[in-house]
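Work through the exercises below with the structure open. Try each task before reading its solution.

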Amino acid sequence: MEEENQEQPKEAGKFIKIKKFTFIMGIFLVIFLTAGITTIALTFGDEKVESLAPDKHAEFEKLYTTYDKIKDNYYEEVDEEKLVDGAINGMIKSLDDPYSAYMDKKEASSFHESISSSFEGIGAEIQEQDGQIMVVSPIKGSPAEKAGVKPNDIILSVDGKSVEGLSSSEAVLKIRGEKGTKVDLSISRAGESEPIELTIKRDTIPIETVYAEMLDDGVAKIQVTSFSEHTVQELKTALEEMSKKDMKGLVLDLRGNPGGLLDQAIEMASLFIPKGEVVLQVEERSGKKQVYKSENDGELKIPVVVLIDDGSASASEIVAAAVSESADIPLIGVKSFGKGTVQTAEDFEDGSNFKYTAAKWLTPEGNWIHKKGIKPDITVKLPDYASLPYISPDKELKASDSSSEVKAAEEMLKEEGHDPGKIDGFFDEATTNAVTAFQREQKIKETGTIKGDTTVKLMQAIQEKILKNDTQVKKAVEVLKKEINK
């Protein structure tokens with residue numbers, strides 16, 4: 001599971017190196033917010049700790065005293081680095097902001113990997129919210145997506161250990177791992193009375209963020225799954241490829257896109273917005289606003305629609321709001337996630353870093369969508385079966401079982417044309433007959449139970465049906481065709 005990508009300042013991916021100054025008897029990195037951001041880092045020596053500016057930072061005397069007392073008098077030897085990390089972590093947690101976090105060396109490494117070319121894990125973006133670890137969105141084609149992980153799922157435990165109270169960075173370290181290894185997740189999902197148990201095999205997650213295909217009648221669909229270092233260039237390449245195939249209209253699919261780098265979002269939105277029009281505004285605590293305008297030399301000369309859903313967050317919402325308000329491009333789907341803040345990250349020389357919310361972003365018209373989301377111009381939901389929960393292939397469902405997984409299987413069987421009888425979560429004779437008929441159709445062993453290949457085939461069949469009956473894409477194509485034929 002990967003931590004949610006945070007927006008960076010205009011020079012995305014370039015982090016400020018904070019120098020350490022040696023002080024006597026003390027080790028602490030002090031971050032102090034004044035009119036701008038002033039960063040003070042303290043390390044340790046052998047004499048008594050002194051403040052860099054005693055009059056200005058007298059409030060830290062309690063911290064220094066606590067550190068000294070624990071270091072000198074605790075009944076066991078203490079890890080000084082761990083004490084410092086804990087103090088910084090506590091300071092940032094006190095902000096009560098799910099997007100601000102301190103990261104030790106390992107966590108910082110994972111953070112940087114999230115915007116690099118690839119990493120090993122299950123492929124999902126997460127964030128900490130109210131002491132819980134929540135999924136923002138699984139990455140397209142990842143083990144997490146294939147396992148049925150969905151936006152807004154709450155991860156309760158990893159390999160049997162609770163993650164309640166952990167930061168998103170801490171949760172990432174527990175969930176990530178080497179390719180081929182497995183991780184057990186317990187997930188709480190709205191509408192489900194019992195936790196969903198998932199076993200997911202980790203894999204290499206390539207950070208390929210743009211996927212293009214040509215639909216019927218000259219309509220191209222380009223899906224952008226996140227905003228990493230090369231996303232805009234990938235999009236430009238995809239647009240060129242689709243243009244060679246006589247693209248007459250474009251569906252820009254931002255569904256399930258959890259965000260990423262701010263500069264990439266601004267540059268992408270600019271491709272669709274006339275030069276000089278506002279892309280977004282970034283507002284600091286003082287109220288000062290920085291306005292970003294399109295620098296695009298030539299707007300796209302074909303009709304465009306944008307797809308959004310509850311997994312569209314952060315940078316993808318920046319693009320959606322910008323093209324809607326500054327280029328009158330229609331939005332189709334369901335309300336987006338609602339993340340309207342901007343984070344910046346700073347590296348320490350020891351490899352650790354911290355990220356914090358530095359500003360909030362506003363739409364071109366000055367709207368703040370934080371915790372509200374963006375409402376589409378045309379609301380279109382996917383079919384109900386698109387929300388069916390994942391069933392683990394390792395778990396056997398058989399006659400006389402009663403559970404939420406059995407109910408999900410009954411609904412899948414019904415959608416595949418095999419009558420399981422009453423859909424009530426009870427595996428009865430009708431369910432057994434439906435399972436056997438499905439197995440016969442799929443040419444797999446007729447056991448009358450659901451496990452292994454039967455489970456995989458059943459979920460694959462539903463996934464294929466969702467792709468064939470993507471109501472949101474169909475509506476987008478319908479809207480584009482009207483514009484193309486004008």
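**Exercise 1. Helix α10**

Which residues of α10 are buried?

Solution. The model is predicted. Start with the extent of the helix: α10 covers residues 429-442. Then list its buried residues: T431, A434, V435, T436, F438 and Q439. Next, look for the cover. It includes α9 (404-415) and α11 (453-468). Finally, check the length.

**Exercise 2. Confidence and overall make-up**

State how far the chain can be trusted, then describe its overall make-up.

Solution. Begin with confidence. The chain averages a pLDDT of 86, and 87% of the residues score at least 70. Over residues 1-54 the pLDDT is below 50, yet this stretch has 177 contacts in the model beyond near neighbours in sequence. Now count elements: the chain has 12 helices and 23 strands. Turn to burial. Of the 486 residues, 51% count as buried. The accessible surface comes to about 23,100 Å², with 48% of it belonging to carbon and sulfur atoms. Last, take contact range. Among contacts with a separation of 6 or more, 66% are between residues 24 or more positions apart.

**Exercise 3. Helix α8**

How many of the 13 residues of α8 are buried, and what covers them?

Solution. Check the geometry first. Helix α8 (residues 315-327) should span 18 Å at 1.5 Å a residue, and its end C-alpha atoms are 17 Å apart, which agrees. Next comes burial. The helix is mostly covered, with 11 of its 13 residues buried. These are A315, S316, E317, I318, V319, A320, A321, A322, V323, S324 and S326. Then identify the cover. It includes the helix α7 (262-270) and the strands β16 (249-253), β17 (278-283), β19 (304-308), β20 (331-333) and β22 (353-362). Finish at the end of the helix: D328 follows α8 and has a positive phi, near 55 degrees.

**Exercise 4. A residue in strand β19**

Solution. Now set aside neighbours within four places in sequence. The contacts of L307 are then V251, L252, D253, L254, R255, I332, Q472, V473 and A476. L307 and P376 are 69 residues apart along the chain, and their C-alpha atoms are separated by 8.4 Å.

**Exercise 5. Salt bridges of K221**

With which side chains does K221 meet in a salt bridge?

Solution. The structure holds 17 salt bridges. Take E213 first: its side chain meets K221 at 3.6 Å, N to O. Take D253 next: its side chain also meets K221 at 3.6 Å, N to O. D253 lies in strand β16 and K221 in strand β15 (residues 219-224), so this pair ties together parts that are 32 residues apart in sequence. Now compare the surroundings. K221 has 9% relative accessibility and counts as buried. D253 is buried as well, with a relative accessible area of 1%. E213, at 39%, is partly exposed.

**Exercise 6. A salt bridge within a helix**

How many residues apart are E478 and K482 in helix α12?

Solution. Both residues lie in α12 (residues 471-484), 4 residues apart, about one turn of the helix. Recall the helical repeat: an α-helix has 3.6 residues a turn, so residues three or four places apart point the same way. The side chains of E478 and K482 meet in a salt bridge at 3.9 Å, N to O. E478 is partly exposed, with a relative accessible area of 35%. K482, at 57% relative accessibility, counts as exposed. Elsewhere, salt bridges that share partners join E213, K221, D253, R255 and D470 into one network.

**Exercise 7. A nonpolar patch**

Which residues make the nonpolar surface patch of about 350 Å²?

Solution. The patch is made by I70, Y74 and Y75. Locate one of them: I70 lies in helix α1 (residues 61-73). I70 has 30% relative accessibility, so I70 counts as partly exposed.

Technical notes. Residues numbered from 1 in each chain as written. Predicted model: local features only at pLDDT ≥ 70, side-chain atom pairs only at ≥ 80, totals over all residues. Heavy atoms only, no water. pLDDT = per-residue confidence, 0-100. Contact = heavy atoms within 4.5 Å. Patch = residues over 30% accessible without salt bridge, like charges linked within 9 Å, V, L, I, M, F, W, Y side chains within 5 Å. Areas by Shrake-Rupley, 256 points an atom, 1.4 Å probe, with all protein chains shown as cover. Salt bridge = Lys/Arg side-chain N within 4 Å of Asp/Glu carboxyl O. Helix = DSSP H or I, 4+ residues; strand = E, 2+ residues; numbered from the N terminus. Buried < 20%, exposed > 50% of the residue type's maximum accessible area, 1.4 Å probe, protein only. Expected span 1.5 Å × (residues − 1).
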